[in-house]
Amino acid sequence: MPNWADNSIKLKKTANKSKADFFKYLTVGDEDKQWGIELLNAGVTEIFPYQNYPPLGHPPEYNFNWQSGRTLDSFSIIYITKGKGVFESKTAETIPVSEGSIILLFPGEWHRYKPNKKSGWKEYFVAAKGKVITELLANDFFKKERPILKIGADEKIIELFQYIIS
């Protein structure tokens with residue numbers, strides 16, 4: 001069994017308090033490492049128009065601001081299901097992000113992203129690392145030069161994120 005501590009965080013909205021966001025940050029054990037893939041976190045966030053981004057409550061290593069951006073040691077997938085915004089990274093130029101976009105965050109790659117103030121956005125995210133992720137990245141399944149995938153709206157992908165979060 002994975003050694004996952006329930007480090008769940010439910011964040012309350014400061015505006016439009018229709019529902020809480022949900023993030024889960026997991027503790028990785030030796031057995032997780034033996035599998036070759038370590039699930040680090042998963043969650044869903046809805047950013048309403050003119051709401052600050054990112055919302056407060058994330059652990060320090062995941063928090064960032066637009067001015068400084070950040071660099072992670074894991075691979076993340078962020079699926080935007082509503083709204084629009086912008087993404088930048090060390091390798092890629094400024095890229096518009098819209099509903100149905102997947103943002104790929106690569107380990108060791110400086111990046112920053114944010115929703116448009118007028119539209120906000122809804123994002124599902126998951127982060128992982130380990131031998132399996134390293135192999136996928138080494139074999140060019142995903143490329144730093146193409147960090148945004150436009151796949152469109154897909155309920156099955158949302159269901160997969162919801163399954164991972166649960």
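Modeller: Let's start with what counts: a cavity here is a set of grid points where a 1.4 Å probe fits but cannot get out. Rolling a probe the size of a water molecule over the atoms shows where empty space is left. Keep in mind that this is a predicted model. By that rule, you get two cavities of 30 Å³ or more.

Take the largest cavity first, with a volume of about 190 Å³. Its lining is made up of 18 residues, and if you want to find the middle on your screen, look for His-58, Tyr-62, Arg-70, Tyr-113 and Phe-125, which lie nearest the centre. Sorted by class, the lining of this largest cavity comes out as twelve nonpolar, four polar and two charged residues. As for which strands are involved, strand 4 (75-89) and strand 8 (121-129) each put at least two residues into that lining. Strand 8 gives the most, with four residues.

Now the second largest cavity, which holds about 30 Å³ of space. Around it you'll find Phe-87, Ser-89, Leu-104, Leu-105, Phe-106, Glu-109, Trp-110, His-111, Lys-144 and Pro-147. That lining splits into six nonpolar, two polar and two charged residues. Strand 4 turns up again here, and both it and strand 6 (101-105) supply at least two of the lining residues.

Ser-89 stands opposite His-111, which is in strand 7. Strand 4 and strand 7 run antiparallel and are joined by five bridges. Strand 7 covers residues 111-115, and four of its five residues are buried, so this strand is largely enclosed by the rest of the structure. For that count, buried means under 20% relative accessible area. Tyr-113, one of the residues nearest the centre of the largest cavity, falls within the 111-115 stretch of strand 7 too.

Stepping back to the whole protein, there are three helices and nine strands, and along the sequence they follow the pattern β-β-α-β-β-β-β-β-β-α-β-α. Of the 166 residues, 47% are buried. Looking at contacts with a separation of 6 or more, 69% are between residues 24 or more positions apart.

Notes
Residues are numbered from 1 along each chain as its sequence is written. This is a predicted model: local features need pLDDT of at least 70, side-chain atom pairs count only at pLDDT 80 or more; totals for chains, interfaces and linings use all residues. Side-chain values use heavy atoms; hydrogens and water are left out. On a 1 Å grid over the protein atoms alone, a cavity is a set of points where a 1.4 Å probe fits but cannot get out, and a pocket is an open set with protein on both sides within 12 Å along at least five of seven lines; lining residues have an atom within 4 Å of a point. Grid points are joined across faces, edges and corners, and a volume is the space filled by probe spheres set on the points. Ala, Val, Leu, Ile, Met, Phe, Trp, Tyr, Cys and Pro count as nonpolar, Asp, Glu, Lys and Arg as charged, and the others, Gly among them, as polar. Buried means under 20% relative accessible area, exposed over 50%, partly exposed in between (1.4 Å probe, protein chains only). Two strands pair if DSSP finds at least two bridges between them. Contact means heavy atoms within 4.5 Å.
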